[in-house]
Protein chains: 2
Amino acid sequence: MGELSTLFAPQRVAVVGASDEQGTVGHAITSNLLAEFEGETVAVNPNQETVLGLDCYDSLTAIEEIDVAIVVVPAHIAVDVVRDAAEAGIENVVVITAGFSEAGSEGSAREAELVEVATEYDLNVVGPNSLGVMSTGVGMNATFGPRMATPGSISFMSQSGAFITAVLDWAVDQEIGFRDIVSLGNKAVLDESDFVRQWGNDPETDVILGYLEDVADGREFIDAAREVTRETPIVAVKSGRTEAGASAAASHTGAIAGSEAAYEAGLRQAGVLRAHSVQELFDFASILDGQPLPEGDGVAIITNAGGPGVMTTDAVGDADIQLADFEDETLDDLSEALPDGANIFNPIDVIGDADVDRFADAIEIALADPEVGMAVVLACPTATLTFDDLAAETVRLQEEYGTPIAATLMGGSGTETAAGRLREAGIPTYFDPARAVRSLDALQEYATIRTQERVEPTTFDVDHQRARAVLESAADRGRTQLGVESMDLLDAYGISTPQGEVVDSPGDAERVASEIDGDVVMKIVSPDISHKSDIGGVEVGVSQDAVRDTYEDIIVRARNYQPDGSIVGVQIQEMVDLDEGTETIIGVSRDPQFGPLVMFGLGGIFVEVMEDTAFRVAPVAEPEASEMLDEIKSAPLLSGARGRTPADKGALVETIQRVSQLVTDFPAISELDINPVVAQPDGAIAVDLRLTLDQEEL
Amino acid sequence: MGELSTLFAPQRVAVVGASDEQGTVGHAITSNLLAEFEGETVAVNPNQETVLGLDCYDSLTAIEEIDVAIVVVPAHIAVDVVRDAAEAGIENVVVITAGFSEAGSEGSAREAELVEVATEYDLNVVGPNSLGVMSTGVGMNATFGPRMATPGSISFMSQSGAFITAVLDWAVDQEIGFRDIVSLGNKAVLDESDFVRQWGNDPETDVILGYLEDVADGREFIDAAREVTRETPIVAVKSGRTEAGASAAASHTGAIAGSEAAYEAGLRQAGVLRAHSVQELFDFASILDGQPLPEGDGVAIITNAGGPGVMTTDAVGDADIQLADFEDETLDDLSEALPDGANIFNPIDVIGDADVDRFADAIEIALADPEVGMAVVLACPTATLTFDDLAAETVRLQEEYGTPIAATLMGGSGTETAAGRLREAGIPTYFDPARAVRSLDALQEYATIRTQERVEPTTFDVDHQRARAVLESAADRGRTQLGVESMDLLDAYGISTPQGEVVDSPGDAERVASEIDGDVVMKIVSPDISHKSDIGGVEVGVSQDAVRDTYEDIIVRARNYQPDGSIVGVQIQEMVDLDEGTETIIGVSRDPQFGPLVMFGLGGIFVEVMEDTAFRVAPVAEPEASEMLDEIKSAPLLSGARGRTPADKGALVETIQRVSQLVTDFPAISELDINPVVAQPDGAIAVDLRLTLDQEEL
């Protein structure tokens, strides 16, 4: 694919399927283009002489120097038209036509053809099944929607065309302006990652907004987005969040690591601000577009009404930002500036009889405090204050101090002029103070994302060959479910495992046990027995003397339980002191979009009953693995809460990274559950595993 | 206090401190009254002949038949004026004057005087420090705010006067109407419970709304509100939510049972719908005011746009309501009514080319399904649909089927007429579908509250005298911290405790142990030793033979640890089998507003690290205690998750209720921590306790 910049700044756009007939998509697009497009609109339709006054061409092959072709022909000839475009040397094609993968198997075949053509000619294809594209930079409305966007610096992609139509209709009143808009359609060729990259390179795009129903390639999106978010914030609604739970099921780890967990982790690792509603999407976009980033997470609240000030404080309590703790000088200055009865502590209450000067003095004193990284200016209607004056002063002070501000004007239509003035200066204004606070919280979240150091995943020196051998040997034996007999796999990747091995005779059992200090653990190894303890297949603390008899006992019990079951042998393992350790679980499932998803949690109840888990898309870098440990609610138990011995967190963090490397190296590992990984005061040791092998990926 | 109905429907209102001077509160109130009040306004001011054309009286004592006196005189004579009012036989007084408890100790003394007068004369006093009262029923604006409310059926109380001003300014554009409004001020006499009762009895009030910063008497409020919410919904913002955490600290249980926990529990027990922002407060009020209650928790989504339909579904996933599962007949009907490409499953997508007839058909088919208790009608702008037509059809169908509907018109100013039409019919309309869903969720929550059976707390037959004797004997010995030696207290209230007693000689130790089957547990009992295990003060599994020696050992260790410490003795206790049981904690703290607050959680990590707790204000009825067990996230562990023996939940529920009765009976128990209460397969047994005694309450 070439550069996408031409797609949004073409000189000549051809509409294939242009039409004079009112109510057709071909008519709508042609007339939308003719309305404001600064470049040339070219009509293509073999059945018409002219369209809306334009001379009509029979085919794209008959024209030269077209930058973008918009395809609105019937589905059965759409792919041919795209091929024509490619052969005519056109690099950008927007396929409006529907009837592709969204429409049954015939459509899917058509879409496959489309992708083939695009690949063959290295085409940029938007859609199919798209509303079209817009760019206010060149006045281009190449959609069949009824409304052109107001110019601005938000670029917006949406997997729903109707949502674009709705947003444009609404955005006019909200004075929200856009740079580029794309209706992604079926994303057969170009997807969110491509547009993220394009807009990340576009100096005129200040905020990237997305409505996504899925992410075509999770890993590619993470890579693209984490690069872009160093400079340009991305805010996205990922819809279909809550269905994840239902579609997740499969295996034990699978049920926990549903695909919503992958999106949550993936979007976070990508540095994307996730909005959970339409309101949040635009609230976040507006403040990111209009206000500078805060230089600290302390917020000052300045109000003329105590009650609403308390509500605002509650909203701060719900968010990740903090109520700024004023310096003494600030308090002194506020004492001097404000009358008795005012509150000089945060939230500052200038009280109901404040005029604009008193209010502005308080704002200025707050903004001058180095602890104040952002501010909420909150006013209720009073006899002594006009909203317009307050807006003017707020705008002036925001510009002077460069501190981000969100405003709350708690009134009706009387606030409109003031709100307009604030909006013009990029200061968002709401009736509900909670929205102002949430917006500032998002701004601060992006400030953190932007300054976060990007650490590449560590590549450990591992024995890749040996690990492959373990998997291949299992595959050769036709096995898809691997257990403790495959602990070598972990060992090959430098993950500590207890000393021991799987044996298939009493003599070998004695020999292996004799090489181990102290008592041993003995476990049946059989792909047909999953609940080993229940059938007496596990013996803990077996002394050297008892190893031979125990071997026989375990085998007999297994035979009794499943006379026809396949028995691999008995595992003889060094005892791991659970009293001094904390049992944890490291699991991996494979998400269709994001690939390997690593889960961490504390053993047993914590993961299964309390659902106290942390997820990251692999490969997992060191800081991400470290965050996983801190993120779970039971984290204090790893640090020695309630008289426990503190666990070696470094060893856990390294184990997570090594597991991440293992599953990244071997796509054949479709599920992995290392349970428990015992975190000890000095080290972390993997005691058991269950692995699902996808032989086709080996 | 007499009936409050006269306060909101007076015939003659006197303004004491009425004034001709622009900009004064006395002028504002008098002119506000003169503007629309249907009754007679009487001016009182000894310094003026007339006020705004009214003859002026010198004093309330000079007038007869005044229903409400509004007091706006200076603080130092305000109480005298209230006394005059009382002596003139006036039953309702609204004290606007500030300078009471909000203003230091002098003000507090003044407020105490005011309360005294009110009590003496059985006066209804609003305030002091109030913005005033309004009632649209009689056109009365007895506030000094700039705006009169539009008539409606929402009655609104607020602890912030500024918030009333702000809301009234804003509500005009939102077309939100009010019945009565009261600015609660300092709540010296009348508080939220009084107004809840009044409005519960007022047939013209359909919804009660509150902005509260505290609740004066939690228990009274619960009793008043739970009665009222059988007929009239109450929605409240309780602000100061998040400071709770900070102010909580004190003791171990106290830190968990902060006062926000009390509000959360108390408001829930009261049946109050809690809003967390201003937006929610009015969103909930609007739908409760405008729509009937749903007859099931299944919601149908009918949309002409797939993407926004998915967003709406996500919002349903976030809420407690469910996506309705359509009956076969509904699916058949939808198949017939809708074209190919439409989605007949919930969310129904009538697709972008739908006209109003197709849209309305789909709505009607959905509403006819008995699984559908409510609906979201969601439209994006298209060429084939006008919002106005859709609104008309939605209103018609809502009325026909009586099913509550919330609408989402995803567009700009083009939606205004349609939105107005829907609002007129009581159907709330938002741009963001998440708000529509949250509103329906609140409606369903109220439907559940309304139908919930109110069960009175059980009064168990207990040995009150014996419990009192335990507490009195501790008090006599000057003790405030009680421990395991006071287990008799629990026994007296029918709570199972292990067999055993506290002894102070080796001989008694042997005697008590010999009465117990099997090995025993021995623990030092000393108010000066809190971490008994750490100093070797606890021995588990002591055989009968070893009891004498162990007694001596424990005493020696305690003496070594604290040579001057007071030693009560050694507790000899029956062993409780922890392997077959689940350790739980039942705690009680005393909240300044709500009184005894009972906490339940699983032992150790679950309460302390995972903060997995449930709270209820005592007395706790059986269904409430039962809810507590289900509410904690670790609940499955009580039901036998992960191979555990299921606990006797009935015994735990009864124990919670008996503890609740104990702390309700004895206000002297200021804190109680029964830890552990071991839930066994058959019974629940309290093993240890810590209790803080407030001797003054005994």
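## A cavity in chain B

By class, the lining of the second largest cavity consists of five nonpolar residues, three polar and one charged (Ala, Val, Leu, Ile, Met, Phe, Trp, Tyr, Cys and Pro count as nonpolar, Asp, Glu, Lys and Arg as charged, and the others, Gly among them, as polar). This is a predicted model, in which local features need pLDDT of at least 70 and side-chain atom pairs count only at pLDDT 80 or more, while totals for chains, interfaces and linings use all residues. Residues are numbered from 1 along each chain as its sequence is written, chains are lettered from A and ligands numbered from 1 in the order in which they are written, and side-chain values use heavy atoms, without hydrogens and water.

The lining residues of this second largest cavity are L131(B), M134(B), T143(B), G145(B), P146(B), R147(B), I164(B), T165(B) and L168(B). Helix α5(B) supplies the largest share of that lining, three residues. The volume of the second largest cavity is about 40 Å³, and the whole structure holds three cavities of 30 Å³ or more. A cavity here is a set of points on a 1 Å grid over the protein atoms alone where a 1.4 Å probe fits but cannot get out, and lining residues have an atom within 4 Å of a point. Grid points are joined across faces, edges and corners, and the volume is the space filled by probe spheres set on them.

## The interface of chains A and B

In chain B, 54 residues are in contact (heavy atoms within 4.5 Å) with 54 residues of chain A. The two chains bury about 4500 Å² between them, 64% of it on carbon and sulfur atoms; this is the accessible area (1.4 Å probe) lost on putting the parts together, summed over both.

On the side of chain B that touches chain A, the elements giving two or more residues are α5 (161-174), α11 (278-290), α12 (306-318), α17 (433-451) and α22 (605-608) of chain B. Helices (H or I, at least four residues) and strands (E, at least two) are DSSP runs numbered from the N terminus. The residues of that side of chain B divide into 24 nonpolar, 15 polar and 15 charged. Between chain B and chain A there are zero salt bridges (a side-chain nitrogen of Lys or Arg within 4 Å of a carboxyl oxygen of Asp or Glu).

## Backbone exceptions

Most residues other than glycine have a negative phi, and most peptide bonds are trans. The peptide bond from N675(A) to P676(A) is cis, with omega near 5°, and P676(A) lies in strand β29 (residues 669-680) of chain A. A618(B) and P619(B) are also joined by a cis peptide bond, with omega about 0°; P619(B) is in the loop between β28 (613-617) and α23 (622-631) of chain B.

I351(A), not a glycine, has a positive phi of about 60° and belongs to the loop between β17 (348-349) and α14 (356-368) of chain A. E611(B), not a glycine, has a positive phi of about 50° and sits in the loop between α22 and β28 of chain B.

Technical notes
On a 1 Å grid over the protein atoms alone, a cavity is a set of points where a 1.4 Å probe fits but cannot get out, and a pocket is an open set with protein on both sides within 12 Å along at least five of seven lines; lining residues have an atom within 4 Å of a point.
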